[in-house]
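Please keep the 3D view open as you read.

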Amino acid sequence: MLSQDIIVKFAEKYHNSPRLFFSPGRINLIGEHIDYNDGFVMPGAIDKGIWYAVAPNNSNNINFYSYDTQENYSTSRFEIKKNNGWRNYVLGVLDQMVKRNLPFLGFDCVFGGNLPIGAGLSSSAAVECGLAHALNEIFDLQLSRVDIALLSQKAEHTFPGVMCGIMDQYANMMGKQDNIMLLDCITIEHEYLPFKLEDYGLVLINSKVEHALTGGEYNQRREQCKEGFEILRTNLENIESWRDVNPEQVEQLKDKFSDVVFKRSLYVTQEIERTQKAANHLKNNELKEFGQLMFQTHEGLSKLYEVSLPELDFLVDKAKEHDGIIGSRVMGGGFGGCTINLIRKQDWNIITEEITTAYKQQFNIDAEVYEVAIGDGTYETPAG
Ligand code: GLA
């Protein structure tokens, strides 16, 4: 078991016994790219994630070992500076702690997991929140779960430089087994919706095209939305957030926008409406109707928000051909990663086999298939 390997590695490197924490990845049922646009999102933590083995070392030194990349990184706690790669996700968290005068001391750390990187499952939030939570427990920093989510989001903005919304870090900290969260991204409050599907399940198909949000496309979308919102605010009355605008109003003002900003704005308003409808369908157990909205979201992400790729469009088109898949779409930031599929349990093996075979023929890539279980947010687990 991987968590045991991490503890063994810790003992080997630091000759000490650590505390162990599990920090999950996340899925999102619907509500994509609207966490930073005043929308609602429906994420859940999953049972795949990153383990952190951490112990104080009675010094001012901080030592990291990334189990997955087999790399070390050490620094003094008084010299937290930007670096590159995975280091920025952990150092960003430490930098935020320094900025808030949080009293952490030197520590040793080994982390690693079974969350595919670049698959749209938010390994970045798992790395950030896992460390923040571990240090909060070990040094009694008195942060609440929501504080940790917000601190980790800020860490991602400042060190890796991705201007992400709050969804991933929130899902990581607030996830609850067998529940989806309906998160209001204006108030940063959520409602848990029980998610135990009898005949259906969630399956991720990893296109194996790796997405890297640091590429700038994500931040660019955010800028385009800002521009769109300013145009709406200038041309309409009483507009305080994207929630005050509907798609018809965006259509009516079409000639005020550049083509690109029009498409982004139309998508945002449609997706906000869709997510609210979807939440009602889920509450009423209307899964087919829910799934239809997932397909519509994909269409919007592909044609209007332009964060899909031919590989992901192909996987969703193939999904549509099967009665057993009632909803499918690209999930997370886009530009690669996974599609999320709502799929009839009894025949998911046959269906995914067919889709991955067709995908291999078309792109010569071996897609991976994972069944999703909705788990708890970051937690400590016995290290023995
Ligand atoms: C990434 C970001 C999130 C969110 C999604 C798209 O995962 O970290 O904040 O914007 O993309 O919904």
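Two strands pair if DSSP finds at least two bridges between them, and strands here are DSSP runs of E with at least two residues, while helices are runs of H or I with at least four, all numbered from the N terminus. This is a predicted model, in which local features need pLDDT of at least 70 and side-chain atom pairs pLDDT 80 or more, while totals for chains, interfaces and linings use all residues. Residues are numbered from 1 along each chain as its sequence is written, and side-chain values use heavy atoms, with hydrogens and water left out.

Begin with strand S9 (residues 200–206). S9 runs antiparallel to strand S11 (residues 338–344), joined by seven bridges, with Gly201 opposite Ile343. S9 also pairs with strand S12 (residues 368–371), again antiparallel, over four bridges; there, Ile205 has Val369 as its bridge partner.

In a regular strand, side chains alternate between the two faces of the sheet. On S9, Tyr200, Leu202, Leu204 and Asn206 lie on one side and Gly201, Val203 and Ile205 on the other, all of them buried (under 20% relative accessible area, with a 1.4 Å probe and protein chains only). Because seven of its seven residues are buried, S9 is largely enclosed by the rest of the structure.

Now turn to helix H5, where you will find Gln169. Gln169 is buried too, with a relative accessible area of 1%. Beyond its neighbours within four places in sequence, its contacts (heavy atoms within 4.5 Å) include Ala125, Glu128 and Cys164.

Notes: Buried < 20%, exposed > 50% of the residue type's maximum accessible area, 1.4 Å probe, protein only.
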